[in-house]
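Biologist: Could you put the model up, and then we go through it together?

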Amino acid sequence: ITLDLANQRLGPPEAKQLAAAISRNTILRTLNLEANQLGDAGVQYIAASLEKNSTLTCLNLKSNNIQD
């Protein structure tokens with residue numbers, strides 16, 4: 001199953017909510033979060049949720065104001 005949330009103006013608050021769902025996910029395989037406004041904080045929420053997720057195999061975070 002694929003979920004495309006590209007260009008939805010998602011920021012850190014939405015990423016935190018999404019991360020809670022990702023950590024419980026057992027179906028989703030692909031998640032597209034391209035061109036949102038997650039920033040470093042939002043990506044940290046998503047990254048932490050991946051520690052509890054074994055089904056997500058493709059995650060697109062391109063163009064989210066992430067610093068190196």
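Modeller: Asparagine 36 touches Leu5, Ala6, Asn7, Gln8, Arg9, Leu10, Ser63, Asn64 and Asn65, leaving aside residues up to four places away in sequence, where contact means heavy atoms within 4.5 Å. This is a predicted model, in which local features need pLDDT of at least 70 and side-chain atom pairs count only at pLDDT 80 or more, while totals for chains, interfaces and linings use all residues. Residues are numbered from 1 along each chain as its sequence is written, and side-chain values use heavy atoms, with hydrogens and water left out.

Biologist: Is asparagine 36 buried or exposed?

Modeller: Asparagine 36 is buried, at a relative accessible area of 4%; buried means under 20%, exposed over 50% and partly exposed in between, with a 1.4 Å probe and protein chains only.

Biologist: And which backbone nitrogen lies 2.9 Å from a polar atom of its side chain?

Modeller: That of glutamine 8 lies at this distance from the side chain of asparagine 36.

Biologist: Switching to the sheet, what is the strand order?

Modeller: The sheet is open, with three strands in the order S1-S2-S3 and parallel pairing, where strands are DSSP runs of E with at least two residues, numbered from the N terminus, and two strands pair if DSSP finds at least two bridges between them. Strand S1 (2-4) and strand S3 (58-60) are at the edges with a single partner strand each, so one side of each lacks a neighbour in the sheet.

Biologist: How many bridges join S1 and S2?

Modeller: S1 and S2 pair over three bridges in the parallel sense, and threonine 2 stands opposite threonine 30 in S2.

Notes
Polar contact = N/O pair within 3.5 Å; in protein donor to acceptor, adjacent residues only side chain to side chain. Helix = DSSP H or I, 4+ residues; strand = E, 2+ residues; numbered from the N terminus.
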